[in-house]
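Please look over the notes below alongside the model.

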Amino acid sequence: MNRRGLLIILSSPSGAGKTTLTRRLRDWDPSLSFSVSATTRAPRPGEVDGKDYHFLTEAEFKSRVANGEMLEHAHVFGNFYGSPKGPVADAIEAGRDVLFDVDWQGAQQISNSSLGQHVLSVFFLPPSIKELHRRLVSRGQDDAETIHKRMLKSWDEISHWDGYNYVLINDDLDATEAKLKSIVTAERLRRSQQPGLTDHVRKLQTEFEETP
Ligand SMILES: Nc1nc2c(ncn2[C@@H]2O[C@H](COP(=O)(O)OP(=O)(O)O)[C@@H](O)[C@H]2O)c(=O)[nH]1
Ligand SMILES: Nc1ncnc2c1ncn2[C@@H]1O[C@H](COP(=O)(O)OP(=O)(O)O)[C@@H](O)[C@H]1O
């Protein structure tokens with residue numbers, strides 16, 4: 001049976017570790033399809049167009065939205081971000097699980113869409129606001145003003161934590177990675193077993209009723 005793909009959504013405030021954990025999950029399971037987002041944000045040092053993001057102008061982004069090419073989209077930190085529909089549909093059709101790194105607005109839109117039943121959403125919390133700031137600075141990818149803006153918006157993202165299926169405090173990275181892998185493994189098992197269980201219970205009921 002063509003197991004329909006899980007839509008694994010990872011969110012966190014900027015700097016809490018979702019990109020790192022997304023990368024580790026993909027290393028663990030190369031069969032995972034990663035939804036490469038479109039964005040109007042400028043590339044960071046080392047980011048590759050088409051791999052990390054599809055870097056678009058605002059006009060290009062808005063025309064893709066107008067053409068119905070986005071599964072979801074949001075305005076985050078003064079830029080547009082969105083998940084192109086095509087690759088997601090292809091991956092689901094192929095029965096592959098799809099990994100998303102999106103904000104709470106994206107998670108909400110996908111969960112409320114017709115694909116909602118396939119969503120597994122995980123939110124990462126930083127151990128402290130101080131540590132969140134330290135990580136943003138140590139990452140060395142954003143200038144001081146950008147870091148300040150992201151810290152100001154961190155509560156807006158954190159405040160949506162309880163809309164997720166699972167919430168992990170990303171303190172020790174290896175421990176968080178292990179928990180995330182356990183969650184994905186258990187959810188895959190639960191959803192693959194589900195369809196067969198109803199038939200099995202019905203068989204048991206028939207056998208029970210036929211037992212003298
Ligand atoms: N809704 C939505 N949010 C996205 C998408 N791609 C990235 N984001 C979010 O946009 C925010 C900024 O992402 P980014 O600029 O890469 O910064 P980072 O959070 O520091 O990695 C993060 O909260 C991402 O989860 C997307 O396709 N859709
Ligand atoms: N548990 C952790 N402990 C210490 N540093 C971490 C941890 N998780 C991620 N980091 C580091 O924090 C910085 C931000 O992580 P990143 O994955 O870019 O966050 P996000 O994608 O949520 O913005 C990176 O330098 C990353 O290596």
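1. A polar contact is a pair of N or O atoms within 3.5 Å; within protein, one must be able to donate a hydrogen and the other to accept it, and residues adjacent in sequence count only if both atoms are side-chain atoms. By that rule, the side chain of serine 12 has an N or O atom 3.1 Å from an oxygen atom of ligand 2.

2. This is a predicted model: local features need pLDDT of at least 70, side-chain atom pairs count only at pLDDT 80 or more, and totals for chains, interfaces and linings use all residues. Residues are numbered from 1 along each chain as its sequence is written, chains are lettered from A and ligands numbered from 1 in the order in which they are written, and side-chain values use heavy atoms, with hydrogens and water left out.

3. A polar side-chain atom of arginine 139 is 2.7 Å from one of its oxygen atoms. Aspartate 171 uses the backbone: an N or O atom there lies 2.8 Å from a nitrogen atom of ligand 2. The protein covers 80% of the 570 Å² of accessible area that ligand 2 has on its own (Shrake-Rupley method, 1.4 Å probe).

4. Around ligand 2 there are 16 residues (a heavy atom within 4 Å). The closest include Gly15, Thr19 and Thr20. By class, this shell has 3 nonpolar, 7 polar and 6 charged residues; Gly counts as polar, and Tyr as nonpolar.

5. Ligand 1 has 20 residues around it, with Ser14, Arg41, Tyr53, Tyr81 and Arg150 nearest.

6. Where do the ligands sit? A pocket is an open set of points on a 1 Å grid over the protein atoms alone, where a 1.4 Å probe fits, with protein on both sides within 12 Å along at least five of seven lines; lining residues have an atom within 4 Å of a point.

7. The lining of the largest pocket comprises 45 residues, with Lys18, Thr19, Arg44, Tyr53 and Asp101 nearest its centre. By class, 13 are nonpolar, 16 polar and 16 charged.
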